[in-house]
Amino acid sequence: MNAVKEKTLHGLAAGEPGRPERPDWTIDQGWAHYSAADHAIWRTLFERQIRLLPGRACDAFVQGMKDLPIGAEQIPDFRRLSDVLMKRTGWQVVAVPGLVPDDVFFDHLANRRFPAGNFIRGAQELDYLEEPDVFHDVFGHIPMLMNPAIADFIQAYGQGGLRAQSLGSLPQLARVYWYTVEFGLLRQGDEGLRLYGAGIASSYTESQFCLDSPSPNRLRFDIGRVMRTEYRIDDFQETYFVIRDLDELLEFTRIDFAPLYEQARAAQVLQPGDVLAGDEVFTRGDGSYHRQRAGRR
């Protein structure tokens with residue numbers, strides 16, 4: 001499990017201890033200060049994940065990984081990543097110390113800056129950490145930013161996040177991000193379901209669970225439905241939502257979310273494992289994993 005436990009989906013509350021001096025919370029990556037042990041942890045994570053993802057990750061992720069200066073030998077330099085990203089989709093990677101306030105996060109995305117943690121997890125945290133590190137942020141997210149559809153969608157999400165805050169609808173929008181950018185699946189032609197969400201792509205265990213386990217539901221993505229659906233923040237997901245293709249995400253950027261927010265706030269909140277009569281079901285899960293977890297708790 002590569003879960004991330006956060007006070008909100010995107011970051012911590014403004015004004016908490018540890019605020020950097022820069023107003024945008026960016027810091028220097030400090031690449032030269034990574035130790036041999038840091039690079040060794042990156043290599044361990046990279047090598048086991050890169051072996052696992054063929055046939056699981058979508059083509060856009062695989063191609064993005066090929067086109068970026070990312071390898072097993074060392075933690076990537078954000079400057080080199082940004083040089084390639086900027087030429088392809090106009091994005092850059094900026095270093096932050098960890099979670100940042102929501103408004104800072106949205107502003108970065110709206111301006112095509114992806115905030116990535118500059119630290120790497122410890123050797124005892126290979127499968128679990130409390131906040132996103134450089135492996136999650138770079139390995140999981142950056143290859144997809146080489147794809148124009150994802151690049152435009154995430155920028156639009158940043159712009160929409162600032163508006164959602166003013167409308168009191170951040171929980172509804174956060175669920176869209178969670179079930180797409182972090183834990184999304186797509187249908188890749190005749191090849192079947194593939195993962196594209198960063199929370200899955202960077203997780204050795206969830207990248208297997210999401211496609212192989214009989215436990216979770218796999219449902220057709222419906223944006224209004226997703227806005228009502230809670231998610232698991234400290235365990236595998238009970239439901240994964242499947243988009244048609246990455247271009248479908250661009251279609252969402254042309255929708256006025258305000259009426260959808262209003263409808264979602266007025267409707268009953270759905271639990272992560274709920275299946276509705278109107279859902280298009282790819283796989284109805286048996287719920288076995290989470291029942292066993294609940295029994296142990």
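The model is predicted.

- Strand 3 (residues 185-187) runs antiparallel to strand 4, and three bridges hold the pairing; within it, Leu186 has Arg194 of strand 4 as its bridge partner.
- Strand 5 (residues 217-220) and strand 6 (residues 239-243) are parallel and are joined by four bridges; Asn217 is partnered there by Thr239 in strand 6.
- Strand 5 also pairs with strand 7 (residues 281-283), here in the antiparallel sense and over two bridges; Leu219 has Val281 of strand 7 as its bridge partner.

**Largest pocket**

- The largest pocket has about 220 Å³ of space.
- Its lining consists of 15 residues, and those that lie nearest the centre are Ala156, Gly160, Phe252, Thr253 and Phe257.
- At least two lining residues come from each of helix 6, helix 7 (170-182) and helix 12 (257-266).
- Helix 6 provides the largest share of this lining, with six residues.
- By class, the lining of the largest pocket has 10 nonpolar, three polar and two charged residues.

**Second largest cavity**

- The second largest cavity contains about 50 Å³ of space.
- Gly140, His141, Met144, Ile150, Ile154, Val181, Tyr196 and Ala198 line the second largest cavity.
- Helix 5 (134-141) and helix 6 (148-167) are the elements that give two or more residues to this lining.
- Six of the lining residues of the second largest cavity are nonpolar and two are polar, with no charged residues.

**Salt bridges**

- Side chains of opposite charge can pair when their charged atoms come close.
- Asp127 and Arg48 form a salt bridge in which the closest N and O atoms are 2.4 Å apart.
- Arg48 counts as buried because its relative accessible area is 17%, under the 20% cut-off; Asp127, at 32% relative accessibility, is partly exposed.
- Arg79 and Asp77 form another salt bridge, with 2.8 Å between the closest N and O atoms.
- Asp77 is buried, with a relative accessible area of 14%, whereas Arg79 is exposed at 61% relative accessibility.
- Glu238 and Arg232 meet through their side chains in a salt bridge of 2.8 Å, N to O.
- Glu238 is buried, since its relative accessible area is 19%.
- Arg244, Asp245 and Glu251 belong to one network, joined by salt bridges that share partners.

Conventions
Residues numbered from 1 in each chain as written. Predicted model: local features only at pLDDT ≥ 70, side-chain atom pairs only at ≥ 80, totals over all residues. Heavy atoms only, no water. 1 Å grid on protein atoms, 1.4 Å probe; cavity = no way out; pocket = protein on both sides within 12 Å on 5 of 7 lines; lining within 4 Å. Points joined across faces, edges and corners; volume = space filled by probe spheres on them. Nonpolar A, V, L, I, M, F, W, Y, C, P; charged D, E, K, R; others polar. Pairing = 2+ DSSP bridges. Salt bridge = Lys/Arg side-chain N within 4 Å of Asp/Glu carboxyl O. Buried < 20%, exposed > 50% of the residue type's maximum accessible area, 1.4 Å probe, protein only.
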